[in-house]
Amino acid sequence: MRGHIAFQGELGSYSHQACVETRPDWTPMACRTFEAAIAAVREGRAELAMLPVENSTYGRVADIHRLLPESGLRIVAEAFVRVHVCLMAAPGTMLDEVREVRAHPVLLPQCAKFLASLGIEGVGAADSAGAAAELSRDPQPGRGVLASATAAETYGLEILARNVEDQDHNATRFLVMAPEHDTARRGEHGMITSFVFRVRNIPAALYKAMGGFATNGVNMTKLESYMVDGNFTATQFYADVEGHPDDPALGRALDELDYFTDEITMLGVYPADPRRR
């Protein structure tokens, strides 16, 4: 094993799955909160952190964009992980015996058609992987859990049905964070540069700041705003753009952005995941 990679959630969560899928030679470290996962890297107890930033169905993950600039870490990679939902139960349970499943409230609507077709009731749980752990400790007749295949493997549950989600496009984007990043790297599928900025308090500042990316032909794949410290007049923007700051076009665009902003914080320069296409 190469080292520890911290993530938020229980063993068996989709963040744990992301660690196993994308960093199979690293040891996953479960943490209670995002802040705890970040702290584990800052304090040297883990070398990397795996943090979810957005889901194709439910949008951005709350609090992450606020935490990234304050983390003291840098983005060194991204990973797109397909969210497959499995129905699992205690060993020996038959599918037609299941009358109730527990899962995080986000997962239940994703499997509504499947559950309705079998007459299974969905019950909300604080955490899907946690529900799997509870069922493993206390098997209940007729009860199942919706969670990842990693959860079933982790807690010794039997998968009764795989890929039970109603839509086949649900994916979560994760960022891999480390104390330092290597800006000399180049990826086979291109590069992504991520940063946050605050525009100057002048008319049309955002419009003018963004103009440099358009005129230089730089593709901006994400731009999101959020308040700073609960202040309605202090808006910070998170952006992902294609390219490397050493590329002439992106370099010119960033220079123009700098003119119209009060503050720019570079979060990372890293290879694009081929699955983003």
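This report walks through the nonpolar cores and the salt bridges of the structure above.

The model is predicted, with local features requiring pLDDT of at least 70 and side-chain atom pairs counted only at pLDDT 80 or more, while totals for chains, interfaces and linings use all residues. Residues are numbered from 1 along each chain as its sequence is written, and side-chain values use heavy atoms, leaving out hydrogens and water.

**Nonpolar cores**

A nonpolar core here is a set of buried Ala, Val, Leu, Ile, Met, Phe, Trp, Tyr and Cys residues joined through side-chain atoms within 4.5 Å. Buried stands for under 20% relative accessible area, exposed for over 50%, and partly exposed for anything in between (1.4 Å probe, protein chains only). The largest core has 27 residues, and A6, L51, I64, L68, L175, M177 and Y238 touch the most other members. Among the elements that give two or more residues to this core are strand 3 (48–55), helix 3 (64–70) and strand 11 (171–178). Helix 2 makes the greatest contribution, with five residues. Helices (H or I, at least four residues) and strands (E, at least two) are DSSP runs, numbered from the N terminus.

Take L51 as a place to look around: leaving aside residues up to four places away in sequence, L51 touches F34, A37, I38, I64, L68, R173, F174, L175 and M177. Contact means heavy atoms within 4.5 Å. A second, separate core of 18 residues includes A89, V98, L108 and V164.

**Salt bridges**

Side chains of opposite charge can pair when their charged atoms come close. With a salt bridge defined as a side-chain nitrogen of Lys or Arg within 4 Å of a carboxyl oxygen of Asp or Glu, the structure holds 15 of them.

| Pair | N to O distance |
|---|---|
| R60 and E224 | 3.1 Å |
| E78 and R173 | 2.9 Å |
| E134 and R102 | 2.7 Å |

R60 sits in strand 4 (residues 59–60) and E224 in strand 13 (residues 220–228), so their pairing ties together parts 164 residues apart in sequence. R60 is partly exposed, at 38% relative accessible area, whereas E224 is buried at 17%.

E78 belongs to strand 5 (residues 74–82) and R173 to strand 11, so this pair ties together parts 95 residues apart in sequence. Both E78 and R173 are buried.

E134 is in helix 6 (residues 128–137) and R102 in strand 7 (residues 100–103), so the pair ties together parts 32 residues apart in sequence. E134 counts as partly exposed at 38% relative accessibility, while R102 is buried at 17%.

Finally, a network of salt bridges links E54, R60, E78, R173, K222, E224, D240 and R276.
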